[in-house]
Amino acid sequence: MSAVDLPGDDEIRTLHERFAPDAEAFTLVWTHCRIICDIAEQLITDEDRDLVRAGALLHDIGVYRLAPGEAYLRHGLLGHELLRSLDLPEPLARICSHHTGVGITREDVLDQQLPLPPADYLADTPEETLVMYADKFHSKTSPPRFNTVPSYAASLARFGPGNTARFEALVTRYGVPDLHALAERYGHEVR
């Protein structure tokens, strides 16, 4: 895939503005996506830089499509569907549906009765994996915050040792981003 197939930063921001239900949602999601892009770019090695950038900036666009009361877990799938409806490339859309947690297996969907079509939602490509990993280091909570490796690992414990092991393997593979400089830049706490 070439960079020509991918939307640029201005086009991506316009998509966020177009689909955000209000200015508050836009600011929260767009800022988070920019932060994830900053983190991913710190950690990038041989991944397709243009795809990582576009994927990081769009990974949470499905949040805007959530209906009131709809499970947040569905935002990745909704983002995937939205990007494909706009004729954006499948590898870009997959970043949306394959960035949740450290991956969701078909068995997870069935065993936990998750509100997703039964399928594997695991990061398969280097670009999907990098964006998924970078996303673990920032939360859109109120107030938004940065997550350290120990704080994110602790939050995974309730999902079983397999998830914790997948996260630890990602830490070994990519290392730990500099969150303190980003926290200062964006004014969000590091936990």
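1. A salt bridge is taken here as a side-chain nitrogen of Lys or Arg within 4 Å of a carboxyl oxygen of Asp or Glu, and a search of the whole structure by that criterion finds eleven of them. The model is a predicted one, in which local features need pLDDT of at least 70 and side-chain atom pairs count only at pLDDT 80 or more, while totals for chains, interfaces and linings use all residues. Residues are numbered from 1 along each chain as its sequence is written, and side-chain values use heavy atoms, with hydrogens and water left out.

2. One of the salt bridges joins Arg-13 to Glu-17, with 3.1 Å from N to O. The two residues are four apart in helix H1, and so are separated by about one helical turn; helices, here and below, are DSSP runs of H or I with at least four residues, numbered from the N terminus. Arg-13 is partly exposed at a relative accessible area of 34%, and Glu-17 is partly exposed at 41%, where buried means under 20%, exposed over 50% and partly exposed in between, computed with a 1.4 Å probe on protein chains only.

3. Glu-70 and Arg-74 also meet through their side chains in a salt bridge, at 2.7 Å from N to O, and Glu-70 is partly exposed, with a relative accessible area of 25%. Elsewhere, Asp-9, Glu-41 and Arg-53 are linked in a network of salt bridges.

4. Arg-94 forms a salt bridge with Glu-128, and the closest N and O atoms of this pair are 2.6 Å apart. This pair links distant parts of the chain, since Arg-94 belongs to helix H5 and Glu-128 to helix H7, 34 residues apart. Glu-128 is buried, its relative accessible area being 2%.

5. The neighbouring residue deserves a separate remark. When residues up to four places away in sequence are set aside, Glu-127 touches Glu-47, Asp-48, Leu-51, Val-52 and Ile-95, contact meaning heavy atoms within 4.5 Å.

6. Helix H3 (residues 49-58) and helix H5 (residues 90-97) have axes that come within 9 Å and cross at roughly 45°. H3 and H5 are therefore oblique to each other; angles under 35 degrees would count as roughly parallel, over 145 as roughly antiparallel and 65 to 115 as roughly perpendicular, with the rest called oblique. Leu-51, Ala-54, Gly-55 and Leu-58 on the H3 side meet Pro-91, Leu-92, Ile-95 and Cys-96 on the H5 side.

7. Helix H4 is mostly covered, with eight of its eleven residues buried, and these buried residues pack against helix H1 (9-19), H3 and H5. Leu-82, which lies in H4 (residues 75-85), is buried at a relative accessible area of 2%. Apart from its neighbours within four places in sequence, Leu-82 is in contact with Phe-19, Ile-61 and Arg-65. Just after H4, Asp-87 takes a positive phi of about 60°.

Methods:
Axes are lines fitted to C-alpha atoms, for helices over the stretch in contact, and angles run from 0 to 180 degrees between N-to-C directions.
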